[in-house]
Amino acid sequence: MRLHFQTKPLRAVVPASSGGSGPGSATQRGRSRSRKRRRTCTAAAVAAVVLLAGCTATDQEPGTQTEGAASSPAAGQALEQGSSEGVSIPDIVASVEPSVVTIFTGRGGLGSGVIYSADGLILTNEHVVRGVDEVEVGFADGKREAGTVVADDPVTDLALVQVERTGLPAAEFEPSLPRVGELAVVIGSPLGFANTATAGIISGLHREIPGSASNSQSLVDLIQTDAPISPGNSGGAVVNSEGKVIGISEAYIPPQAGAVALGFAIPAAIAMEVAEQLSEDGSAEHAFMGLGPAAITPQIAEQLGLPDTQGALVLSVVDGGPAAEAGLEPGDVVVGLGGEEIQTPEDLLAALRGHAPGDKVEVEISRGNEASQLTVTLADRPSAE
């Protein structure tokens, strides 16, 4: 299976080393610790992701098949339902469209963005602006302005772009998670078609892309939607029936993998918290555990004498890091963190999203045939530089 991000051309997220992921807001942290994690793919699709060892970058030109080009039955139902309940999708689009921009990287690549503040601050995906300092921003009124990438955070795949233009219509964000089944409208520039709107519903919450932990820490704890998403939507808005941004478009799984309308977005609560931190001092805090997690394959389970493939295998620990200080060792299997069950490395990264540097968390591990519990004091993730 090929996992695609929505820039054109597409670029894979930088593989993340050991550690954690960004802390969520109070809304995110308050989610149920006892929830069972739901999978986004079939077993066959998961195996395909693992075989590819991450995301494959491919160029797609207009006219080629993408998920955004596929018709979504649920989208039609949402349109019909919206009309019957008095929700006007055209009115939603008209109100939000001025707050969504197109970002041109100057190398033939493009993505989308959301106006975060009236003084010219724009929120987008880090992978949209990766490797460039200057971009061009296209607004809904047809004007273009030079923009500067002022801060980015690869861990959550978010970045801020500053333009000189002021008096901009900033989007309104909704920090609370939506409910499954709610209306979802996606606005962005798929394949360069600016001001494009698609509609569907919220299909799921707290989604992780199986196998993504070896490539990115951003593809966890996502909102899933069946509103068509295509290359170029990255960094654009997913909004609710009130016209509030509930997510930032992040990735999709294409039809070639057997998927039908599987798109993913970063929850607004995470986007807002990271944007505030980036605008304050150019960096974002992330709970850091200091270990390198890996999936447990049947072959690894057999080699290590493990009873099953559940948990996150500890490949390495950072010398002097939180995990090492707590006594974790390579070969241990993390099966629980802070009361949450850990079945995969993606589960581990998602669980860390609910914690901040300085938090003490109980970590359940299995070592050989013995189970034990350790207390880890999380640290702030070291700079990649």
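Predicted model: local features only at pLDDT ≥ 70, side-chain atom pairs only at ≥ 80, totals over all residues.
Who is its partner? The side chain of Glu172 meets that of Lys244 in a salt bridge, 3.7 Å from N to O. This pair links distant parts of the chain, 72 residues apart. Glu172 sits in the loop between S7 and strand S8. Lys244 sits in the loop between strand S11 and strand S12. Is Lys244 buried or exposed? Lys244 is buried, because its relative accessible area is 18%, and buried means under 20%.

A quick reminder. Side chains of opposite charge can pair when their charged atoms come close.

Now a second pair. Asp332 and Arg367 meet through their side chains in a salt bridge of 2.7 Å, N to O. Asp332 lies in the loop between helix H8 and strand S17, and Arg367 lies in strand S19, so the pair ties together parts 35 residues apart in sequence. Asp332 is buried at 2% relative accessibility. Arg367, at 34%, counts as partly exposed.

Back to Glu172 for a moment. Salt bridges with shared partners join Glu172, Glu174, Glu242 and Lys244 into one network.

One more pair. Glu126 and Arg130 form a salt bridge through their side chains, at 2.5 Å from N to O. Both of these residues are buried. How many salt bridges does the count come to? The count comes to nine.

Next, the barrel. Six strands close into it, in the order S2-S3-S4-S7-S6-S5, and the pairing is antiparallel. On average, neighbouring strands of this sheet are turned by 40° against each other, direction ignored.

S6, residues 144-153, pairs with S7, residues 158-163, over six bridges in the antiparallel sense. Ala151 stands opposite Leu160 in S7.

Which helix packs on this sheet? Helix H6 does, touching S3, S4, S6 and S7. The direction of H6 makes about 55° with that of S7.

Let's check H6 itself. H6 has 14 residues, 268-281, and at 1.5 Å a residue they should span 20 Å. The end C-alpha atoms are 20 Å apart, which agrees. Several H6 residues are buried, including Ala268, Ile270, Val274 and Leu278. An α-helix has 3.6 residues a turn, so residues three or four places apart point the same way. Just after H6 comes Gly282, with a positive phi of about 85°.

Terms used:
Residues numbered from 1 in each chain as written. Heavy atoms only, no water. Helix = DSSP H or I, 4+ residues; strand = E, 2+ residues; numbered from the N terminus. Expected span 1.5 Å × (residues − 1). Buried < 20%, exposed > 50% of the residue type's maximum accessible area, 1.4 Å probe, protein only. Pairing = 2+ DSSP bridges. Axes fitted to C-alpha atoms, helices over the stretch in contact; angles between N-to-C directions. Contact = heavy atoms within 4.5 Å. Salt bridge = Lys/Arg side-chain N within 4 Å of Asp/Glu carboxyl O.
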